[in-house]
Amino acid sequence: QVQLDESGGGLVQAGGSLRLSCAASGRTFSSLAMGWFRQAPGKERELVAAVARSGGSTYYADSVRGRFTIFRDNDKNTAYLQMTSLKPANTAVYYCAADWGSVRFFVDYARTALYDYWGQGTQVTVSS
């Protein structure tokens, strides 16, 4: 089993920044590919960004590319999502997810069904 604990959400004004953290425990962190998803009220959960086990490959939703950065620290068992130039449209609950050992990560990284473990979510609210 893997436990994922997110932190760093909150209320921020448009144009501001936040850094989300996802601390993992229960399995060797370097064996986990990681993703950040978000879900706004009335909408489906969608990929924000994903990072491969080594950290060498990253993927982003078109709407956040250039403003958000996903990275990981395998020594600290933690994945991060640095968010800048935030917009009200970025308001959502943000979820951390982990994929353990799937060979299909590089193809299916945007699919929620790929991920084996999920955090409880952290609210991000961007005011205009």
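Of the 128 residues of this chain, 47% count as buried, where buried means under 20% relative accessible area, exposed over 50% and partly exposed in between, with a 1.4 Å probe and protein chains only. This is a predicted model, so local features need pLDDT of at least 70 and side-chain atom pairs count only at pLDDT 80 or more, while totals for chains, interfaces and linings use all residues. Residues are numbered from 1 along each chain as its sequence is written, and side-chain values use heavy atoms, with hydrogens and water left out.

Next, the secondary structure. The chain has 1 helix and 11 strands; these are DSSP runs numbered from the N terminus, helices being H or I with at least four residues and strands E with at least two. Along the sequence the order is β-β-β-β-β-β-β-β-β-α-β-β.

Now the rings. How many aromatic pairs are there? The count is 8, taking rings of Phe, Tyr and Trp (its six-membered ring) with centres within 6.5 Å; planes under 30 degrees apart are stacked, over 60 edge-to-face, and the rest tilted. Tyr 59 and Phe 105 have ring centres 6.0 Å apart and planes at 70°, so this pair is edge-to-face. Tyr 59 belongs to strand 6 (residues 58-60) and Phe 105 to helix 1 (residues 105-108), so the pair links parts of the chain 46 residues apart. Both Tyr 59 and Phe 105 are buried. Ring pairs also join Tyr 59, Phe 105, Phe 106 and Tyr 109 into a cluster.
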